[in-house]
Amino acid sequence: MSLTKYRRKRSAENTPEPFGREVPTSTSTTGGTFVVQKHAARRLHFDLRLEMEGVLRSWAVPKGPSYDTAEKRLAVHVEDHPLEYGDFEGLIPKGNYGAGAVIVWDRGEWTPVGDPLEGLAEGKLLFELRGYKLRGLWTLVKLKKSEKDWLLIKERDAWASKDPEELPPESVLSGLTVEDLGAGRDRGEAIRRELTRLGAPRRPVEAKSVGLMLAETAERAFSREGWLFEPKLDGYRVLAARAPSEPRLLTRNGN
Ligand code: MN
């Protein structure tokens, strides 16, 4: 389906989804952004979108991707979406096409192996993903005698697994699950409730007045509930703050 048709279909309706630009501005075939949106429409599915020629080529994958190379996941080729759609997370209102909650389940960069336009035309796309959850080599293969049905398959590499762990369900943007978003749940609510209970004063917090968390030495290595351990790397320790509008990064010296 063309972008124009897509716009016509959506623009008359009352939905928060972005419509995108009138005309694709880039004709890049060297990869770019990829996004996987988890979409609780009438039937739950994952939308895999690859940036190609200035739009997001899209496949609806009912069962989602799997790191098991033996799992061939049906991926139905659906209409192109504008690039802006890759940031969309929200609730498509009832009565609209695809009504239901959408989260950005994964996002990153994709790199085609070979010419992706040829691959798309011939029904075999091999590519590498560098996302938060999806990594390594993947293939989309079109089923013969089918208009729209493809298979999404993990290729053998260091990321592949015979018995893969379940991938995290949360959005990589908001930390919300598609169920949270659909139910209008707010991740900050429990924290605010706890702060109220503890009697925290209600006032703006000046980033400059907040101390940074620093590393300290200990007699020996230990493990304790509620602790996370990570290698101490060289670099700058920064404090990230968001004033009413713009985000700020402060070094230890307050720069
Ligand atoms: Mn969808």
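R73 stands opposite L152 in strand β9. That strand covers residues 149-154 and pairs with β4 in the antiparallel sense over 4 bridges. Two strands count as paired if DSSP finds at least two bridges between them. Helices (H or I, at least four residues) and strands (E, at least two) are DSSP runs, numbered from the N terminus.

A word on the source. This is a predicted model, in which local features need pLDDT of at least 70 and side-chain atom pairs count only at pLDDT 80 or more, while totals for chains, interfaces and linings use all residues. Residues are numbered from 1 along each chain as its sequence is written, and side-chain values use heavy atoms, with hydrogens and water left out.

Now follow β4 itself. Strand β4 spans residues 73-82. Of its 10 residues, 7 are buried, so the strand is largely enclosed by the rest of the structure. Buried means under 20% relative accessible area, exposed means over 50%, and partly exposed lies in between (1.4 Å probe, protein chains only). β4 also pairs with strand β3, residues 55-61, in the antiparallel sense over 5 bridges. In this pairing, A60 stands opposite V76 in β4. In a regular strand, side chains alternate between the two faces of the sheet.

Return to R73. Its relative accessible area is 14%, so R73 is buried. R73 forms a salt bridge with E71, and the closest N and O atoms are 3.0 Å apart. A salt bridge here is a side-chain nitrogen of Lys or Arg within 4 Å of a carboxyl oxygen of Asp or Glu. E71 has 29% relative accessibility and therefore counts as partly exposed. Side chains of opposite charge can pair when their charged atoms come close.

The structure holds 12 salt bridges. E189 bridges to R193, with the closest N and O atoms 3.6 Å apart. Both residues lie in α4, 4 residues apart, about one turn of the helix. E189 is partly exposed because its relative accessibility is 43%. R193 has a relative accessible area of 54%, so R193 is exposed.

E194 and R197 also meet through their side chains, at 2.8 Å from N to O. These two are 3 residues apart in α4, so about one helical turn separates them. E194 is partly exposed at 35% relative accessible area, while R197 is exposed at 61%. Elsewhere, salt bridges that share partners join E53, R57 and D80 into one network.

Next, the metal site. The manganese ion is coordinated by H39 (ND1), H45 (NE2) and D47 (OD), at 2.1 to 2.3 Å. Donors are N, O and S atoms within 2.8 Å of the metal (3.2 Å for Na, K and Ca); water is not among the atoms, so sites may look incomplete. Along the chain, the donors follow the spacing H-x5-H-x1-D. Both H39 and D47 are buried.

Last, the surface. F222, W227 and F229 make a nonpolar surface patch of about 330 Å². Patches are built from residues with over 30% relative accessible area and no salt bridge; like charges are joined within 9 Å, and nonpolar side chains (Val, Leu, Ile, Met, Phe, Trp, Tyr) within 5 Å. Accessible areas come from the Shrake-Rupley method with a 1.4 Å probe, and for residues only the protein chains shown count as cover. W227 lies in the loop between α4 (188-197) and β10 (239-242). With 46% relative accessibility, W227 counts as partly exposed.
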